[in-house]
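The points are grouped by topic.

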Amino acid sequence: MAKQEYDAIVVGSGMTGGWAAKELTERGLKVLLLERGRNVRHGVDYTTEHKPESAFPFRGQGDRRETERDYPVQSQHWVFHEATKHFLINDRLNPYTTDPETPFSWIRGWQVGGRSLLWSRQCLRLTDLNFEANARDGIAIDWPIRFKDLEPWYNYVESFVGISAEAGVHPSIPAHPQPPLPLNVAERHLQRSVAKTFADRLVTASPQAVLTQDHNGRMACHHCGPCERGCSSGAYFSSQSATLPAARATGNLTLRTDSIVHSVSYDEKTDRVTGVLVIDAKTGKSHEYSARLVFLCASAMESVRLLLNSATSRFAEGLANSSGVLGHYLIDHATGAGASGVLPDIGNGGRYYNGHSPGMFYIPRFQNIADKHPDFIRGYHMNGNARLPGWRRAIGGTGVGAALKQTLQDPGSWNIDVSGQGECLPIYENRMTLSQTVKDAWGIPVPHFHFAWGENETKMRASMAEAAAEMLESAGVRNIKIFNRPRVPGNDNHEMGGARMGRDPKTSVLNAYNQSHDIPNLFITDGACMTSSANQNPSLTYMALTARACDYAVRQMKRGEI
Amino acid sequence: MIKYHPSRREALLYAVAVLGGVLISPGLAAAVESGVSRSGSSLKFLSIAQNALVGGLAETILPETDTPGATAAGVDRFIDMMLADWYPKKESDRFIAGLVDIEKRCLVDEGEHFLTLPAARRLAFLERLDAETAAMQVIAGRPAPFFAMLKELVLVGYYTSEVGEASIGYIGPIGDDYPEDEPVRPVAGLLGAKHG
């Protein structure tokens, strides 16, 4: 075999790519980290951090015409704002297609760090309640791992990341956390009311990848509020703040930005991937990079797309797809249902605030634990916040003149909301294929999605709305409004699946170590690997799976198995 | 924040708008409707006359109190920019039609142009419009009434300006803490229909 330029290639520098780069370089491998997007440097390139609305051309309203023209999908997501749009892709220039009756909202951040710059930082462990669910329900296939396999790696990544949470109150909460981010007075009021009224429900601080104590050279959070604009203090975990500096410190990392990976190259004689073909996003020139090990961390849908685009004579339906399930069993989370209201009798401090804790509250899943719910299987957890509306409460309200102005000197009554995030059952029909007709700017077929919510998700949402309303009622919340507006699939930003893990190469793409069943030196550790979605936010699990897979891959290399 | 240097004519119209004095140009009402001239100004959408009326309305909605008002915050310029660069043409045109209507309504109700009314009568006129607008049924998919659109623009234009941010002591998302324990009671009789 020809000498490789690198020991390992990692595709993607986001949540999992940053971890793969760190773990592989720290084990002595020379790593080429390929990022399709532009460079974003920690601190320096957080151009909107700490800026008030008056500093923005459209005062935070965003350039409406540009938004409608260039960001029709990205702007559907709460993270999109005049202050963050430069971390989200241009939809017009980067289209994809869907079946007409099943829209899909694909949120993408193409830059170094990917969506690790934008994520909502909630870190929840999966437990065996989740890992056993498919087998217990007779749905899809069994996970090839259990909690005990991942527990050491949850411990490992959590201790590097630094997670703040209320220790020990629920098994989904990371071990040995830093002190939790504070709940505010209105959130504490809800916490007490729920504790008094509902024996099976708990309101706790959301476990977050936000430091409350200085850690590994990163500083504790100073509560400015909008983490997704960039966090130069490093309190917020991102590739920029944590994993890439660690990778760089080894001297083994080469980062190439503006590098579109066209396909993964495979050698039939040796039955190994040999590297990747890269198109330079700026010049259009292509170059083949070779390595002994390839990790796909391009984000779930992009990793799947890459393999579909790397078909060979042996793998006619996509590289590493002897099972035929590549692109299938896509999953997301069911959201968009809950309730909100007002707490006018709780004091607000009588002033405006120049920021707030980025925390929220977390209510762990309480359905289908002890008792079987009559309407649905699996479950959902809930999150929410209490916030002060400020002057915006006057929009659509009454009042003019000095009296209005005087009133708006006060920030208003606490508005509190609770909403759910529920598991989505994996079905074969929810899938991604390559478009037969549309290609991207570099000649690569764009993804074509078919994704429809199922009955279980619909029933779950109805339950979320009811549960939210009754908890708010218990706290004396007024003007309670229930909402149940199913979001377009993908809009929760937790799109996963497409290259699931499993024991049987006939029904799964990856084994228990995120290794391709078909090709031993190919690994996928981003969301594509998920065999079920659980209800928990997935990034912490992606990190743990990545670190575990890197450890395994390097041990296999040392044994000469790869 | 958009800073500008008004022409002498604009400055005179401003003085009229704020102080409610006698109009220098008798053709001002006609000028609001025809919306012809913004030559010599840095306006992008509104005519000078329309801009003066918008300025007068804004200053009545959020006047100078112990903190500066909408005029000092450049709300009229913000509204001009939004009409030119942000709203689709149909909505910007609807705003102008609403502006013309408000002038006509004022002539009917008060017997005078808005900008010639003294401050107390300007406020009373807008309080009536505000109450009427609040009583209107909100129909999903139908455009908001003009006065609601105007008031929203004034609120946003003021409170996202440097002047407006300073008036509520807001510097930006730089770091702070909501109260964790029971703090000072809220002010009694809060306005604001939606959330109290």
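Strand β9 of chain A is largely enclosed by the rest of the structure, because six of its seven residues are buried (buried means under 20% relative accessible area, exposed over 50% and partly exposed in between, with a 1.4 Å probe and protein chains only). Helices (H or I, at least four residues) and strands (E, at least two) are DSSP runs, numbered from the N terminus. The model is predicted: local features need pLDDT of at least 70, side-chain atom pairs count only at pLDDT 80 or more, and totals for chains, interfaces and linings use all residues. Residues are numbered from 1 along each chain as its sequence is written, chains are lettered from A and ligands numbered from 1 in the order in which they are written, and side-chain values use heavy atoms, with hydrogens and water left out.

**Strand pairing in chain A**

- Strand β9(A) is joined to β15(A) by five bridges, and the two run antiparallel; two strands pair if DSSP finds at least two bridges between them.
- Within β15(A), A:N484 is the bridge partner of A:A337.
- Six bridges link β9(A) to β12(A), also in antiparallel fashion, and A:A339 stands opposite A:V418 in β12(A).
- An open sheet of three strands in chain A has the order β3-β14-β13, with mixed pairing.
- Its edge strands are β3 (97-98) and β13 (431-439) of chain A, each of which pairs on one side only.
- Strands β13(A) and β14(A) (residues 445-450) run antiparallel and are joined by five bridges; A:H450 in β14(A) is the bridge partner of A:R431.

**Two buried residues of chain A**

- A:T541 lies in helix α11 (residues 539-558) of chain A and is buried, with a relative accessible area of 0%.
- The side chains of A:T541 and A:Y154 are joined by a polar contact of 2.6 Å (a pair of N or O atoms within 3.5 Å; within protein, one must be able to donate a hydrogen and the other to accept it, and residues adjacent in sequence count only if both atoms are side-chain atoms).
- Apart from neighbours within four places in sequence, A:T541 is in contact with A:L124, A:L126, A:L150, A:Y154 and A:M530, where contact means heavy atoms within 4.5 Å.
- A:G318 is located in the loop between α8 (300-308) and β9 (337-343) of chain A, and is buried with a relative accessible area of 0%.
- The C-alpha atoms of A:G318 and A:L308 are separated by 4.1 Å, the two residues being ten apart along the chain.
- Neighbours within four places aside, A:G318 is in contact with A:L307, A:L308, A:A311 and A:L326.

**Interface of chains A and B**

- 64 residues of chain A are in contact with 65 residues of chain B.
- The two chains bury about 5700 Å² between them, 56% of it on carbon and sulfur atoms; buried area is the accessible area (1.4 Å probe) that two parts lose on being put together, summed over both.
- In chain A, A:R59, A:N354 and A:K405 lose the most area to chain B, together 15% of what that side buries.
- Three salt bridges are counted between the chains (a side-chain nitrogen of Lys or Arg within 4 Å of a carboxyl oxygen of Asp or Glu).
- The side chains of B:D176 and A:R351 form a salt bridge at 3.0 Å, N to O.

**Helix α4 of chain B**

- Helix α4(B) (residues 75-85) is mostly covered, with ten of its eleven residues buried.
- Among these buried residues are B:F78, B:I79 and B:L83.
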